[in-house]
Amino acid sequence: MSEKELKKTLIYLEEDTTDLLQRQEIDPFTSLPGENFDAGKHKATVIPTDDDSLDRKVQKSTSPGYIKRGKVLIPESVVIYRKVATVQDGTPSCPAKAGQ
């Protein structure tokens with residue numbers, strides 16, 4: 001199979017998958033940068049920040065989530081900021097879990 005044929009096949013596969021999801025009333029969703037982290041609909045990778053205004057905010061979406069009639073079937077993968085706490089000796093300390 002040539003590269004051109006492979007690309008065409010992948011495009012058709014994506015279109016067929018999207019159509020199937022729509023028929024089952026399953027919708028993709030993504031968050032915009034700056035939206036609040038929601039443990040009920042997000043799976044997060046954490047990056048530290050010292051900016052209070054960015055704490056628990058979405059930096060970017062890395063994979064869409066899927067929802068059906070208001071119920072999250074697959075959480076969206078996102079990168080979020082977490083406030084870095086500074087320990088007395090000046091070394092940064094970041095919370096271990098994004099959901100905290």
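## Terms and basis of the model

Two strands are taken to pair if DSSP finds at least two bridges between them, and helices (H or I, at least four residues) and strands (E, at least two) are DSSP runs, numbered from the N terminus. The model is predicted, so that local features need pLDDT of at least 70 and side-chain atom pairs count only at pLDDT 80 or more, whereas totals for chains, interfaces and linings use all residues. Residues are numbered from 1 along each chain as its sequence is written, and side-chain values use heavy atoms, with hydrogens and water left out.

## The antiparallel sheet and its hairpin

An open sheet of three strands runs in the order E1-E4-E5 with antiparallel pairing; its edge strands, E1 (26–29) and E5 (71–74), each pair on one side only. On average, neighbouring strands of this sheet are turned by 40° against each other, direction ignored (axes are lines fitted to C-alpha atoms, for helices over the stretch in contact, and angles run from 0 to 180 degrees between N-to-C directions).

Strand E4 (residues 65–68) pairs with E5 in the antiparallel sense over three bridges. Tyr66 has Ile74 in E5 as its bridge partner, while Ile67 stands opposite Val72 in E5. The two strands E4 and E5 form a hairpin with two residues between them, and Arg69 in the turn has a positive phi of about 50°.

## The mixed sheet

A further open sheet has three strands in the order E2-E6-E3, and its pairing is mixed. Here the edge strands are E2 (42–49) and E3 (58–63), each of which pairs on one side only. E3 and strand E6 (residues 76–83) pair in the antiparallel sense over four bridges, and Ser61 has Val78 in E6 as its bridge partner.

Helix H1 (residues 3–23) has 21 residues and reaches 30 Å from its first C-alpha to its last, close to the 30 Å expected at 1.5 Å a residue, where the expected span is 1.5 Å times one less than the number of residues. Just after H1, Glu25 takes a positive phi of about 60°.

With a salt bridge defined as a side-chain nitrogen of Lys or Arg within 4 Å of a carboxyl oxygen of Asp or Glu, the count comes to five. Among them, Arg23 is joined to Asp19, the closest N and O atoms being 3.6 Å apart; being four residues apart in helix H1, Arg23 and Asp19 are separated by about one helical turn. Another salt bridge joins Lys83 to Asp52, with the closest N and O atoms 3.6 Å apart. Lys83 lies in strand E6 and Asp52 in the loop between E2 and E3, so this pair ties together parts that are 31 residues apart in sequence.
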